[in-house]
Structures are given as structure tokens and as C-alpha cells.
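Subject: Structure handover

Hello,

Here is the structure I promised to pass on. Please open it alongside this note, and read on for what turned up.

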Amino acid sequence: MFAHLSLEDILASYDDRAPLSNAFTIPAPWYVDSRIADLESASVFSTTWQMIGRADQVSTPGQFVTGNVAGEPIVAVRGSDGQLRAFYNVCRHHAAKVVTEPCGSASLLHCPYHGWNYGLDGSLKGMPEFEGVKNFERGDNGLVPVKVETWEAFVFVNLDPRAGSLNAFLGHLVQRCAPLGLAKLHYFDRRVYDIACNWKVFVDNYLDGGYHVPHLHKGLSSVLDYKQYTIENEDRYCLQSSPMVASEEDAATGATRKGDRAWYFWQYPNLMINCYEGYMDTNLVIPVDVDHCRVIFDFYFADVSESRKEHNAQSVAVGDRVQAEDLGICEDVQRGLKSRAYGAGRLSVRREAGEHLFHRLLAADLKSGLGRAAAAD
Ligand code: FES
Ligand SMILES: [Fe+2]
């Protein structure tokens, strides 16, 4: 549909210097052109810190967790020396996935294809029937390492060997979250949503400062003091926050979404952390292709004892319902973005500052990514 436009033209069609009151959203081709999706994979997802799992999944030697970043299979594993490491989860023999379970514990990483074994430190330990192979250095054929660090309850990796620290990337978010005691909460359950929309449609929907909440989420709306909703942009994050009110209107929401304030953190590009009293859920938005994304919701609670099981399950169900409400609208938006009637939209100054930050950060990364690609040609 936009094939006649060059990638340079598509990027140039967004003005990232316009102040919010004059700003447009990023234009429709950014959401529907697969060249943009490829550029994002190379210059956003391959260069930013990406959450891959939970710290509690890799707390003792031998524990591992696997995931995908920018389409690359990754494994993070705690070594016998207590050190956390991460690797491309790709066998050096014929490229099979070495660790095939989502998480678990092992003393060796064993490739299921021809039985090569790697140590927890990634070093190649053994290759069956490989005698007589010339010019092969076992020491040069370990799993290829990736940067890994932890923050609060989460494990992050970064595919860019020149990347700065996770702390520098998160910036002031670290201090901002510290009083909330996120690491003290316990993982309870996960929901995975496959959505027929570009990953940015989901992020935009999250970052509209509650604009859609009274219209789309009647239950959630009943516990938020919508008029007092605040939006703060800083570094690479946006904090949307709202005072809470007790509600009888929707019993399940009122019983499971409590506290003085709701805290909704978004960290560029694709991570959300949502907190109420004794509650947190994280949303990780993973692009699948230009028209599809997968969103992983992990639910955590202060108390995950047996006596709270029913309450916690009810809380997850409330999250699930809100999610279903968002899902339909996100898929509608993706269809609308392909319409010949739509080019780009305006932003509410009161509500949509978070989207403005997102679009500017993304534009900066894509423009510098394209510049690097051109310099390399
Ligand atoms: S691909 Fe892993 S052992 Fe052959
Ligand atoms: Fe929503």
C-alpha cells in the first residue's frame, strides 16, 4: 500500500519536534509497513534492554529461563559459580534450539538434536562422534553470550554488545519504583494474548492517559478518580497514576483493585508495570509481525498463600476482562490504520502525552538506526 514510499520518506513523514499541542501521531505506514517492523527489530528490540523472565526463575545454580528477543531465541542461566549469564539459545553445531523448555533446572545444557553438551557457563563440554574433525577448537564453540542484568523481580537481556547498563537505561524509573517494593511481591499466574494488531497499537492504547477508560472499561472506571489522573514523562518512561475510590458498582473490580493510588508505568519500548495495593501485573508486548503482537501478562501478589488463592484468581479474571475489552479495539484500530481514509491523528494535550513521548523515542531510534544502516552500506 505504501510500497511507492521509501523508508526515508516514511520516517520523514513524522515530525518529532512538534510540541504536544501541535503534534500528530506517527503516521499509519509506521503500523502497517513491514520495512518499519524490520527496522524496529534491528534498531529498537536489538538495542534496548528487554525483559526475558523473572529473577525467581533463576535464583539458584542450574536454573534457566528462555525467551525471544528481536526474533532471537535466548536463554538466561544461573551458573554453578552463582553468576547469571545469558546466551543465544542456538547450538553451534547445526543451529538447533539447545534449551527447549520455557524454564527449569539443569546441570548441563543438552542439545536435543545431536547431543552436544554445554556447561552452565556456555562452554562446549562434549560432542558425540566428533573425533577426527580438523581445525575445530572446542574453546571457540561455546554458546554466544548476551548481556544480562536484573532489576527488582525481573531479568533483562540486551543483544547489543555496546549497550550501557540496565540501570542507565531505566534511568529515574529505578528510584521511582523503589518505594513500591516490587521485588517483595510473588508471582502467581500468567495470561498470554495473541492480538491481530501492530505492537505499537497496544502500547498507544496503554499510553492514552486513561482517555479510553470511561468509554471502554466501565468496571475499571468505577474505581479510578478519572479527573485526577496524572501523566508524567521522564527519561524513557511514562507514569500514569490515578487516585482510587471505593466502588460498589462492580464488586469484582472493587474487591481486587484497591489502595490509595493506581500506578501504571510504561518503560520504552514495550514493558508496562501496573500496581495497586498488594498487586502488580507486568505486560510485555512482543512484536510477531507487522500485523500481530503477543502480550504476556504476569500477575504478582503480596500474599500467594492458599487462603488467598480464590481472591487472587478473581483478580486475574478482572485483568482478563479489561484485556478482552482492549483487545477488540486494538484489532479494530489496526484495520482502521490500513484505511485509505486515515493518515495520522492528533493527540489530546490533557491525556496523550505518554503516546507523544513513545512516538518521539521511537522516531529517534528508527532514524539513527536507518542512518547506521546507510553508513554501513
Ligand atoms: S544442532 Fe545441536 S547437536 Fe547438532
Ligand atoms: Fe485499556
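Is D16 buried, partly exposed or exposed? D16 is partly exposed, because its relative accessible area of 24% falls between the 20% and 50% cut-offs. Keep in mind that this is a predicted model.

**Salt bridges**

The structure holds 13 salt bridges. Side chains of opposite charge can pair when their charged atoms come close.

D16 forms a salt bridge with K367, and the closest N and O atoms are 3.8 Å apart. This pair links distant parts of the chain. D16 sits in the loop between α1 (7-12) and α2 (29-32), while K367 belongs to helix α11 (residues 353-376). The two are 351 residues apart. K367 is partly exposed too, with a relative accessible area of 32%.

Next, R162 and D160. They form a salt bridge whose closest N and O atoms are 3.3 Å apart. The partners sit in opposite classes. R162 is exposed, with a relative accessible area of 68%. D160 is buried, at 12%.

Then D332 and R335. Their salt bridge has its closest N and O atoms 3.0 Å apart. Both residues lie in helix α10, three residues apart, which is about one turn of the helix. D332 is partly exposed, with a relative accessible area of 44%. R335 is exposed, at 54%.

**Pockets**

Rolling a probe the size of a water molecule over the atoms shows where empty space is left.

What volume does the largest pocket have? About 880 Å³. Its lining counts 41 residues, and those closest to the centre are G67, N68, V69, I286 and I296.

By type, the lining of the largest pocket has 19 nonpolar, 14 polar and eight charged residues.

The second largest pocket has a volume of about 470 Å³. It is lined by 21 residues, of which D204, N205, V333, E352 and E355 are the closest to its centre. Which element supplies the largest share of this lining? That is α10, with five residues. Helices α6 (199-206) and α10 (309-337) each supply at least two. The lining of the second largest pocket divides into 11 nonpolar, five polar and five charged residues.

**Helix α6**

Why is α6 described as largely enclosed by the rest of the structure? Because eight of its eight residues are buried, each with under 20% relative accessible area. They are W199, K200, V201, F202, V203, D204, N205 and Y206. Two names return from the pocket above: D204 and N205 are among the residues closest to the centre of the second largest pocket.

The N-terminal end of α6 is capped by N198. There, a side-chain oxygen of N198 lies 2.9 Å from the backbone nitrogen of K200.

**Where to look**

For a quick tour, begin with D16 and K367. Go on to G67, N68 and V69 in the largest pocket. Finish at N198 and α6.

Best wishes

Definitions and conventions: Residues numbered from 1 in each chain as written. Chains lettered and ligands numbered in written order. Predicted model: local features only at pLDDT ≥ 70, side-chain atom pairs only at ≥ 80, totals over all residues. Heavy atoms only, no water. 1 Å grid on protein atoms, 1.4 Å probe; cavity = no way out; pocket = protein on both sides within 12 Å on 5 of 7 lines; lining within 4 Å. Points joined across faces, edges and corners; volume = space filled by probe spheres on them. Nonpolar A, V, L, I, M, F, W, Y, C, P; charged D, E, K, R; others polar. Helix = DSSP H or I, 4+ residues; strand = E, 2+ residues; numbered from the N terminus. Salt bridge = Lys/Arg side-chain N within 4 Å of Asp/Glu carboxyl O. Buried < 20%, exposed > 50% of the residue type's maximum accessible area, 1.4 Å probe, protein only. Polar contact = N/O pair within 3.5 Å; in protein donor to acceptor, adjacent residues only side chain to side chain.
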